[in-house]
Amino acid sequence: MRNHGGDPAWLDRFFGALERLAASMFIRRVYTTPRVTRYADLLRERNAGKGMDATSFALTDTEKAETLAHLDGDIYLVTKTRKYVLLRLDEMLAGKPGVS
């Protein structure tokens with residue numbers, strides 16, 4: 001925000017990438033230590049000037065496959081995860097931000 005607060009396109013890309021990472025970890029139920037480690041790695045890369053090219057933003061093929069497997073499984077039996085997924089689906093289907 002400090003360096004790109006006046007650039008809405010950059011902020012949109014940044015928060016999109018951050019949400020993608022956070023949502024994948026949330027859906028996969030990644031516990032605290034690896035989650036904090038990933039965010040710390042991301043902060044280090046950002047401070048080193050890597051910007052949107054920070055490798056910690058990118059999901060590995062394994063992380064993508066695990067996320068898809070969770071979404072294809074019994075995810076809707078987990079209340080917190082179910083609520084997040086359904087709210088995001090609603091937003092996407094409505095074609096506008098916010099819950100309808």
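The structure is a predicted model, in which local features need pLDDT of at least 70 and side-chain atom pairs count only at pLDDT 80 or more, while totals for chains, interfaces and linings use all residues. Residues are numbered from 1 along each chain as its sequence is written, and side-chain values use heavy atoms, with hydrogens and water left out.

The chain has four helices and zero strands. Helices (H or I, at least four residues) and strands (E, at least two) are DSSP runs, numbered from the N terminus. The order of elements is α-α-α-α. The C-alpha trace spans about 40 × 30 × 20 Å along its principal axes. Of the 100 residues, 24% count as buried. Buried means under 20% relative accessible area, exposed means over 50%, and partly exposed lies in between (1.4 Å probe, protein chains only).

Six salt bridges were counted. A salt bridge requires a side-chain nitrogen of Lys or Arg within 4 Å of a carboxyl oxygen of Asp or Glu. One of them joins Glu66 and Arg28 at 3.7 Å, N to O. Glu66 lies in helix H3 (residues 61-72), and Arg28 lies in the loop between helix H1 (8-27) and helix H2 (32-47), 38 residues apart. Arg28 is buried, at 12% relative accessibility. Glu66 is partly exposed, at 36%.

Glu63 and Arg38 also form a salt bridge, at 2.7 Å, N to O. Glu63 belongs to helix H3 and Arg38 to helix H2, so this pair ties together parts that are 25 residues apart in sequence. Both Glu63 and Arg38 are buried. Arg28, Arg38, Glu63 and Glu66 are linked in a network of salt bridges.

A further salt bridge joins Asp41 and Arg44, with the closest N and O atoms 2.6 Å apart. These two residues are three apart in helix H2, so about one helical turn separates Asp41 and Arg44. Asp41 is partly exposed at 27% relative accessibility. Arg44 is exposed at 53%.

On the surface, Tyr76, Leu86, Leu89, Met92 and Leu93 form a nonpolar patch with about 540 Å² of accessible area together. Patches are made of residues with over 30% relative accessible area and no salt bridge; like charges are joined within 9 Å, and nonpolar side chains (Val, Leu, Ile, Met, Phe, Trp, Tyr) within 5 Å. Accessible areas come from the Shrake-Rupley method with a 1.4 Å probe; for residues, only the protein chains shown count as cover. Met92 lies in helix H4 (residues 79-94). Met92 counts as exposed, at 59% relative accessibility.
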